[in-house]
Amino acid sequence: MEATATPRITCAYLNSYVGRNVIIVGKVIQLRGEEALIDADGNITAHLNREAHLLAGNGAQIIGKVNPDLSIKVLSSLDLGTSVDYNLANTVVEISHQHRDIFADN
């Protein structure tokens, strides 16, 4: 079976990953029914699945597919609580994109 790449991205990289699966770490700003607004260095609309149990104000890790409208269809999600270092999460994204030869999933 072939491995599937799932790069870590922020809002700024959405355009480059349309149709691909990605990992996003951000803060849940708002929950609206089956949608969440996630701040990952910019606002992203996430279309939640039934297994998503996120809380507004908490951090979340989202694995999902980038839609043409730059929203995310959530495949899985994880509530990270309130003690998330978003600067660190964003730095990991930036470093992984600057050093693509080390991070094979970009």
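Asp-41 is exposed, with a relative accessible area of 51% (exposed means over 50% relative accessible area, buried under 20%, and partly exposed in between, using a 1.4 Å probe and protein chains only). Let's look at where this residue sits and then at the fold around it.

A few words on reading the model come first. This is a predicted model, in which local features need pLDDT of at least 70 and side-chain atom pairs count only at pLDDT 80 or more, while totals for chains, interfaces and linings use all residues. Residues are numbered from 1 along each chain as its sequence is written, and side-chain values use heavy atoms, with hydrogens and water left out.

**Confidence.** pLDDT is the predictor's confidence in each residue, on a scale from 0 to 100. The protein averages 91, and 91% of the residues score at least 70. Among the elements, E3 has the highest mean pLDDT (98), and helix H1 (residues 86-98) has the lowest (90).

**Overall build.** The protein has one helix and five strands, and from the N terminus on they follow the order β-β-β-β-β-α. The radius of gyration is 13 Å, close to the 13 Å that the globule rule gives for 106 residues, so the protein is as compact as a globular protein of that length. That radius is taken over C-alpha atoms, and the rule is 2.2 Å times the number of residues to the power 0.38. Helices (H or I, at least four residues) and strands (E, at least two) are DSSP runs, numbered from the N terminus. Of the 106 residues, 38% count as buried. The C-alpha trace spans about 40 × 30 × 25 Å along its principal axes.

**The barrel.** Five strands close into a barrel in the order E1-E2-E3-E5-E4, with mixed pairing. The twist averages 50° from one strand to the next; axes here are lines fitted to C-alpha atoms (for helices over the stretch in contact), and angles run from 0 to 180 degrees between N-to-C directions. Two strands pair if DSSP finds at least two bridges between them.

| Strands | Sense | Bridges |
|---|---|---|
| E1 (residues 21-32) and E4 | antiparallel | seven bridges |
| E2 and E3 | antiparallel | five bridges |
| E3 and E5 | parallel | two bridges |

Val-25 has Gln-61 in E4 as its bridge partner, Asp-39 stands opposite Asn-43 in E3, and His-47 stands opposite Lys-73 in E5.

Most residues other than glycine have a negative phi. Asp-41, although not a glycine, has a positive phi of about 60°. Its place is the loop between strand E2 (35-39) and strand E3 (43-47), and these strands form a hairpin with three residues between them. Leu-70, also not a glycine, has a positive phi of about 70°. Leu-70 lies in the loop between strand E4 (59-66) and strand E5 (72-81) and is partly exposed, with a relative accessible area of 29%.
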